[in-house]
Structure formats: C-alpha cells, structure tokens
Amino acid sequence: MAITPTHGPVATYPSAGAVLALLKPITWFPPMWAYTCGAIASGAPLSSRLVPLLLGIVLAGPLLCGTSQAVNDWFDRHVDAINEPHRVIPSGRMPGRWGLYVALIMSVLSLCVAAILGPLVFAAGTLGLVLAWGYSMPPLRFKQNGWIGNGVVGLSYETLPWITAAAAALGATPSMPLVLVALLYGIGAHGILTLNDFKAIKGDIEMGINTLPVLHGPRNSAVIACLIMGSAQAGVILLLLYLQLSMGALLVGALLLAQVLCMPRFVRDPEGKAVWYSAAGVGLYVTGMMVTAVAFASAMSALPITG
C-alpha cells in the first residue's frame, strides 16, 4: 500500500519536531520509571553514582524506548495509514526512508551509551534492541500475536530496566527476590499493553495483527488484561509478605483494591473506557512499583546480594 501525505509539500529531510514525534516522548516514562525503581530497590547508595544513574535513565527512555518507537512506526506505517493517518510517517512529515534511518541512528547511539555504562548494561541494552527490532520487524514481528508481543514489550519496558538498574547500582547480580519482583511487574505490564490495542482493532484486523482484542474480542480481552495486571500485583504482595515487608504489602494491596474497583466500568465498555482505565489503573500500578522499590530498599541489608 502506498503512503501519501495527507497535507503539505513533501520534505527532503525531517524536522526536529518530526523526529521527536517519531520517538514519542510520552512512551519513555515506563522504562525510565522501571529503571529508577530498580536503582532504588537495590538499596545501594545512589549519591555517589548519580551521573551513571541519570545516564541509565536516558538510555532506558529516550534512547532504547525511543528507538523501539521509531522501529515500530516504520514497520507499521501501512497499518498506521488506516488507523492513524495523522502519525508522523503516513502524514508525510517524516519523508522517504527517514523513519528507518532514525531507528538505525538511535540504535547505534543506544549501544554507545550502554557501552559507557559497562559490560552488564551493554549486554542488557543489546538484548533490549534485539527485542525492539524483533517486535516489529519481519520475519519475527512478535507483535503479530498479542500474547507474545505484549509479553516481549512488558519484559523490555519493566523487567529488563529494573534488573539492569539494580545490577548496575550493586555492581553484582541482584538478589532473587528482586529479580522476581521485576519479573512480576513485567508480566503485569502485558495487561497494560493490551489497553493500547483497543483503539486499533479495525486496522489490526485488516493487516492481520492478532492483538488480544482481535483474537478474543474486546470484552474478553478486557477481562484478560485485568486478570493479568491484578494477578501480577497479587504475586508482588505475597512476595512482600514472605519477606516480612508488611507495610509495603499493605500499601500495594490498597492500590490494587483501587484498581479492582475501576475494573467493572472498563470491562463493560472496553473500547470506550480503555483510555480512562489506562490513566486510572496504570497510574495506580506504577505507584505500586515505587512503593515496592522503597520497601525493598528499606530491607536490602537483610537480603543476600546474589541470588
């Protein structure tokens, strides 16, 4: 399918505003937040490592996440022409093959910054890039199946930054409880990502992208998303109780209860309320992440450094 600009003359080079729109700053928050949570959860003193911490946050957000957004928009330019023709590539604001060029340049920058932060972060950054490209690029194109694609993104956006930050802060392999809590929040993010799929059902059907709403219908997918998010947080609560971090468990439980109270409204009208629940439920979810990180930090002296 040919992509034609919806307005204005065809440019030779993208503007700075078009590049920023391609990198979608609004999407940088989850991995940056997860990286911050991992660093705090490590319990390591951060004042002496402030510059590497800030550089790691930049790597997780603008660089790696920004790269993933550019890669996704390039390989999704045809479906975006159906679902969201105003986006930067189908609208013509990102001319020619510049969407691909930006993705490649950002990949190189990400690897350079990851190398500065050491071999462990470089390895994690490389894995993140492999997952970012594999999510969107044929022949892997993990996003073709909502179960696989959302799982890959959840692990990339939440689990990997959390563990990487903790390892970088500690200078050692994080404890198994810390790895487990990062994994749980990454699994829960699978449900969060499903919330983004309700707006594009028509185009996804036309392009053969089997998101959960396409595979199971809007209402069933809403139930699945709620169950995944809720179950992951329930697992976090049980882990906190096991570690005798009762205050953290109580606070995360209260945040989960608030989400549960919002879920019926979302399930009744998933397509109409997905954006609303994304704002309400996800805000409570990520607040629970920080509560958990602080709880871990308060008890790290009692936990083993290596798992």
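A residue counts as buried when its relative accessible area is under 20%. By that criterion Trp 162, with a relative accessible area of 0%, is buried. The model discussed here is a predicted one.

**Overall architecture**

The protein chain contains 13 helices and 0 strands. Its radius of gyration is 20 Å, close to the 19 Å that the globule rule gives for 307 residues, so the chain is as compact as a globular protein of that length. Along the principal axes, the C-alpha atoms fill a box of roughly 60 × 50 × 30 Å. Of the 307 residues, 52% are buried. The chain exposes about 13600 Å², and carbon and sulfur atoms supply 72% of that area. Among contacts between residues at least 6 apart in sequence, 75% join residues at least 24 apart.

In soluble globular proteins, nonpolar side chains tend to be buried together. The largest nonpolar core in this model has 44 residues, and those with the most contacts inside it include Trp 162, Tyr 185 and Phe 266. Helices H2, H7, H8, H11, H12 and H13 each supply at least two residues of this core. The greatest contribution comes from H13, with 12 residues. Both domain 1 (18–170) and domain 2 (175–301) provide at least three residues each to this core. Apart from it lies another core, of 28 residues, among them Val 113, Val 121, Val 153 and Leu 193.

**Aromatic pairs**

The structure holds 9 aromatic pairs. A pair of aromatic rings is described by the distance of the centres and the angle of the planes. Two of the pairs are set out below.

| Pair | Centre distance | Plane angle | Arrangement |
|---|---|---|---|
| Phe 75 and Trp 133 | 6.3 Å | 75° | edge-to-face |
| Trp 162 and Tyr 185 | 5.8 Å | 20° | stacked |

Phe 75 lies in helix H3 and Trp 133 in helix H6, so their pair ties together parts that are 58 residues apart in sequence. Trp 133 counts as buried, at 13% relative accessibility. Trp 162 belongs to helix H7 and Tyr 185 to helix H8, so this pair ties together parts that are 23 residues apart in sequence. Tyr 185 is buried, with a relative accessible area of 1%.

**Surroundings of Phe 266**

Phe 198, Phe 266, Trp 276 and Tyr 277 form one aromatic cluster. Not counting residues up to four places away in sequence, Phe 266 touches Leu 195, Phe 198, Ala 222, Cys 226, Lys 273, Ala 274, Trp 276 and Tyr 277. Phe 266 is also one of the residues with the most contacts inside the largest nonpolar core.

Notes. Residues numbered from 1 in each chain as written. Predicted model: local features only at pLDDT ≥ 70, side-chain atom pairs only at ≥ 80, totals over all residues. Heavy atoms only, no water. Core = buried A, V, L, I, M, F, W, Y, C linked by side-chain atoms within 4.5 Å. Buried < 20%, exposed > 50% of the residue type's maximum accessible area, 1.4 Å probe, protein only. Helix = DSSP H or I, 4+ residues; strand = E, 2+ residues; numbered from the N terminus. Domains from an automatic or database assignment. Contact = heavy atoms within 4.5 Å. Rg over C-alpha atoms; globule rule 2.2 N^0.38 Å. Areas by Shrake-Rupley, 256 points an atom, 1.4 Å probe, with all protein chains shown as cover. Phe/Tyr/Trp six-rings, centres within 6.5 Å; stacked < 30°, edge-to-face > 60°.
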